[in-house]
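Here is a short briefing on one protein model. Read it with the sequence and the structure side by side.

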Amino acid sequence: RLGILRPLRERDFALFVTGWTVSLIGDGFFLVAIAWQVFDLWNSPTALAVVGVAETIPIVGLVLVGGVVTDRFERRRVLIASSALRGACVGALGLLAVAGSIELWHIFVLSLLFGAGQAFQGPAAGAIIPDLVPKHLLVRANSLSQFVRQLAFAFLGPAVGGLVVHELGAGTAFLADAGTFAFAIAMLALVHERP
């Protein structure tokens, strides 16, 4: 009865949204864990700002390239590659944090790479939706994806991520986020290829 849910009847869109939702929740974990880890290493707002700038620079510098790549290559593969890069960065942060050997420069470098992956993920995630649903469901599919983004990334992810960081530590939250990327890649692998 809820019209906004009708696009979920389309198999490939349902797979994409499922993987994307889980990955966005993981991104919320990342927001909390990175702040916690930076303050734990260097109790200064300046350090967190530097890490934020490190992630933003490649996004700004590469987002146009990400758009061109998204237009020229299969969007599903672009999403898989960007998720693999981002997941590897977060997994490395998790392993370093759990081992107790993480340093601020590790976070800085891995944030640069994470931002580079984000520059390709953003355009591809928006552009793939018209490939996954019929034209008459496109507005509903876009609305649903935006709703899911806000719910998962801005609300559920940080809320649950805060609990995980508090109870189990930032390293565990990073590793959980890396697992969400693996899940998203698995869901994308099930989506039919589109040239």
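Phe153 sits in helix 6, residues 138-168 (helices are DSSP runs of H or I with at least four residues, numbered from the N terminus). The model is predicted: local features need pLDDT of at least 70, side-chain atom pairs count only at pLDDT 80 or more, and totals for chains, interfaces and linings use all residues. Residues are numbered from 1 along each chain as its sequence is written, and side-chain values use heavy atoms, with hydrogens and water left out.

**Phe153**
- Phe153 counts as partly exposed because its relative accessibility is 25% (buried is under 20% relative accessible area, exposed is over 50%, and partly exposed is in between, with a 1.4 Å probe and protein chains only).
- Leaving aside residues up to four places away in sequence, Phe153 touches Leu24, Asp27, Gly28, Leu31, Val148 and Pro158 (contact means heavy atoms within 4.5 Å).
- Pro130 is 23 residues from Phe153 along the chain, and their C-alpha atoms are 22 Å apart.

**Helix 6**
- Helix 6 has a kink of about 40 degrees at Gly157, shortly before the proline Pro158 (the bend is the angle between axes fitted to the seven residues ending at a residue and the seven starting there).
- Buried residues of helix 6 include Ala141, Leu144, Val148, Gly157 and Val165.
- The buried residues of helix 6 pack against helix 1 (11-41), helix 5 (129-132) and helix 7 (170-190).
- Gly169 follows helix 6 and has a positive phi, near 100 degrees.

**The largest pocket**
- The largest pocket holds about 190 Å³ of space (a volume is the space filled by probe spheres set on grid points, which are joined across faces, edges and corners).
- A pocket is an open set of points on a 1 Å grid over the protein atoms alone, where a 1.4 Å probe fits, with protein on both sides within 12 Å along at least five of seven lines; lining residues have an atom within 4 Å of a point.
- Phe153 is one of the lining residues, and Leu24, Asp27, Glu55, Arg86 and Arg149 are also among them.
- Helix 1, helix 4 and helix 6 each give two or more residues to this lining.
- Helix 1 gives the most, with 5 residues.
- The lining has 6 nonpolar, 2 polar and 4 charged residues (Ala, Val, Leu, Ile, Met, Phe, Trp, Tyr, Cys and Pro count as nonpolar, Asp, Glu, Lys and Arg as charged, and the others, Gly among them, as polar).

**Ser111**
- Ser111 lies in helix 4, residues 104-127.
- Ser111 counts as buried because its relative accessibility is 1%.
- Beyond residues up to four places away in sequence, Ser111 touches Ile34, Val51, Ala54 and Glu55.
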